[in-house]
Amino acid sequence: MRRINGTVLVFAALVATVGALAFPVWSYADRSGTGQANVAAATVNTQWGPLTAQDRDLIVRVRLAGLWELPAGQQALERAPSQAIKDVADHLIVGHTDLDKRVRIVAAQLGVALPNQPNELQTGWLKEMTAASGTDYEYKFVNLLRAAHGTIFPAIGTVRNTTRNTLVRQLASDANQTVLDHITMLEKTGLVDFDAIANTAANATTASPTGPPPPVPGQLAPSAPVAEATGDVSTTSQPSPGEPGAVNTGRPEPVDSDGVLG
């Protein structure tokens, strides 16, 4: 009887131990204060997949980008200080006119309310541009826009990577293409202050830098071997079209099945 009771006690202890180890895993998503719980609390289900707060934030940010970059582009075309600035303005107007169609359709389908005016920060940028003239205007135009695009670019990538909503995923892909095109055009002006961008990023970083050690002056780095597929392989795709530094922005018109665009 003692042996049986001892076995039962040992088994019960094992069950209790395994249960204690397993419980945090099983219940983690339901525990308040965790990342999983926070995401779940702000998520709604749609026919295109779950829609998180982060998804909705990107939708609003895409709309906001157009609300200030379109007037910025129009102003630059009217002032036309140089052909390089005119080219950027052209891409801003075309890119955000197209992207605004897409974000309005997606927002209507997902029930996300969109702003109709730029936010306070964006309004301030427009005022800075308006007050400037000559080379100061060109510098502010290029660098304010480049900084804004550089800020939203990684946010688009994060949403594109994590969203489970097919509409948001496509919008992120479209926005990524447009933002990269605008960044490329802004950099082609030769007016981007990369030192200021690097310093701003460094000031916002607290972790120590990582990566390979710095190069030794006068010492050649070892030659890297070719990275290529081996064996009997057959491929049909080609590298991205266009010259280096060019972004192919051609894409079909959005499908407006609900008549959002009128």
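Entry 1. I looked up Val106 first. Its relative accessibility is 8%, so Val106 counts as buried; buried means under 20% relative accessible area, exposed over 50%, partly exposed in between, with a 1.4 Å probe and protein chains only. The model is predicted: I read local features only at pLDDT of at least 70 and side-chain atom pairs only at pLDDT 80 or more, while totals for chains, interfaces and linings use all residues. Residues are numbered from 1 along each chain as its sequence is written, and side-chain values use heavy atoms, with hydrogens and water left out.

I placed Val106 in helix H4, residues 83-110. Helices here are DSSP runs of H or I with at least four residues, strands are runs of E with at least two, and both are numbered from the N terminus. Then I listed its contacts (heavy atoms within 4.5 Å). Neighbours within four places in sequence aside, Val106 is in contact with Ile59, Leu167 and Leu171. I also checked Val168: 62 residues separate it from Val106 in sequence, yet the C-alpha to C-alpha distance is 7.5 Å.

**Entry 2. The helix itself.** I checked the length of H4. The expected span is 1.5 Å times one less than the number of residues. For the 28 residues of H4 that gives 40 Å, and the end C-alpha atoms are 40 Å apart, so the two agree. Gly111 follows H4, with a positive phi near 75°.

**Entry 3. A histidine.** I moved to His96, also in helix H4. At 3% relative accessibility, His96 counts as buried. Its side chain makes a polar contact with the side chain of Glu69 at 2.5 Å. A polar contact is a pair of N or O atoms within 3.5 Å; within protein, one must be able to donate a hydrogen and the other to accept it, and residues adjacent in sequence count only if both atoms are side-chain atoms. Beyond four places in sequence, the residues that His96 touches include Glu69, His91, His149 and His182.

**Entry 4. The cavity.** On a 1 Å grid over the protein atoms alone, a cavity is a set of points where a 1.4 Å probe fits but cannot get out; a pocket is an open set with protein on both sides within 12 Å along at least five of seven lines; lining residues have an atom within 4 Å of a point. Points are joined across faces, edges and corners, and a volume is the space filled by probe spheres set on them. I found one cavity of 30 Å³ or more. The largest cavity has a volume of about 50 Å³. His96 and Glu69 are among its lining residues, as are Val62, Leu99 and Ile152. Helix H3 (53-79) gives the most, three residues. By class, the lining has seven nonpolar, one polar and one charged residues. Ala, Val, Leu, Ile, Met, Phe, Trp, Tyr, Cys and Pro count as nonpolar, Asp, Glu, Lys and Arg as charged, and the others, Gly among them, as polar.

Entry 5. The largest pocket holds about 330 Å³ of space. It is lined by 14 residues, with Asn143, Arg146, Ala147, Ile197 and Thr200 the closest to its centre. H6 gives the most to this lining, eight residues. The classes are six nonpolar, four polar and four charged.

**Entry 6. The whole.** I counted eight helices and zero strands. Buried residues make up 29% of the 262 residues.
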